[in-house]
Amino acid sequence: MKGTLMLSWILIICLSQVAVQSQYYSKSRPYHPRPPKVTNLHFFMHEHTGVTAVVVAQANITSNNSSVTFATLVSVNDPLRTGPEPDSEVIGNVQGISLLAGSNASSTQYIEFGFNTGKFNGSSLSIFSRGEPGLAVVGGRGRFMMAKGIAIFNPILINATNVIMEFNVTVIHY
């Protein structure tokens, strides 16, 4: 009994010395953030109702003041072009969803502007915002890493089958 008690005390003393002698080793390195870049983009989204924008889900009720059905979920996969003309160069696409949730046809949108040509090939911008004229850029990947900014849109053409929107996007990224 006396031997085990003595052994226990020796173990406790040794363990306490190990904890004191072995401190966590970490070498601090200075933080050098990359300078932010500001990029201005200008492009056009060409939507063809029923082809590149499809209703995925729809509620049974409608608003009295609007022809747009309340609570409609629309999936989009629209081409991004350099101009409003249907034969202008395709530079990427818009993919995402739009939820028509207001009685005045307002919408909440989650969309990605994906670029597949030029200097921004393989990069994309993430938008999550209400469908007001200014959409919030909340992220990005590729050359738009950690992006934030605003996408201002201007409807060029809206009819029964086609929608052409002009986008002026200002993005701060690293």
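A polar contact is a pair of N or O atoms within 3.5 Å; within protein, one must be able to donate a hydrogen and the other to accept it, and residues adjacent in sequence count only if both atoms are side-chain atoms. This is a predicted model, in which local features need pLDDT of at least 70 and side-chain atom pairs count only at pLDDT 80 or more, while totals for chains, interfaces and linings use all residues. Residues are numbered from 1 along each chain as its sequence is written, and side-chain values use heavy atoms, with hydrogens and water left out.

**Stop 1: Ser88**

Select Ser88, in the loop that runs between strand E3 (72–81) and strand E4 (90–100). Strands (E, at least two residues) are DSSP runs, numbered from the N terminus. The side chain of Ser88 reaches the backbone oxygen of Glu85 at 2.8 Å. Now show what surrounds Ser88: not counting residues up to four places away in sequence, it touches His46, Arg81, Thr82 and Gly83, where contact means heavy atoms within 4.5 Å. Ser88 has a relative accessible area of 11%, so it is buried (under 20% relative accessible area, with a 1.4 Å probe and protein chains only).

**Stop 2: Phe144**

Move to Phe144, in the loop between strand E7 (134–141) and strand E8 (148–158). Phe144 is buried because its relative accessible area is 0%. Leaving aside neighbours within four places in sequence, the residues in contact with Phe144 include Thr39, Leu41, Ser123, Ser124, Leu125, Val171 and His173. Phe115 and Phe120 are also among them.

**Stop 3: the aromatic rings**

The structure holds eight aromatic pairs (rings of Phe, Tyr and Trp, the last by its six-membered ring, with centres within 6.5 Å; planes under 30 degrees apart are stacked, over 60 edge-to-face, and the rest tilted). Phe115 and Phe120 form a tilted pair, 6.4 Å centre to centre with 55° between the planes. Phe115 and Phe144 form a tilted pair, at 5.9 Å and 55°. That pair links distant parts of the chain, as Phe115 lies in strand E5 (residues 107–115) and Phe144 in the loop between E7 and E8, 29 residues apart. Phe115 counts as buried because its relative accessibility is 6%.

Finish by selecting Phe43, Phe113, Phe115, Phe120, Phe144, Phe153 and Phe167, which form one aromatic cluster.

Conventions
Helix = DSSP H or I, 4+ residues; strand = E, 2+ residues; numbered from the N terminus. Buried < 20%, exposed > 50% of the residue type's maximum accessible area, 1.4 Å probe, protein only.
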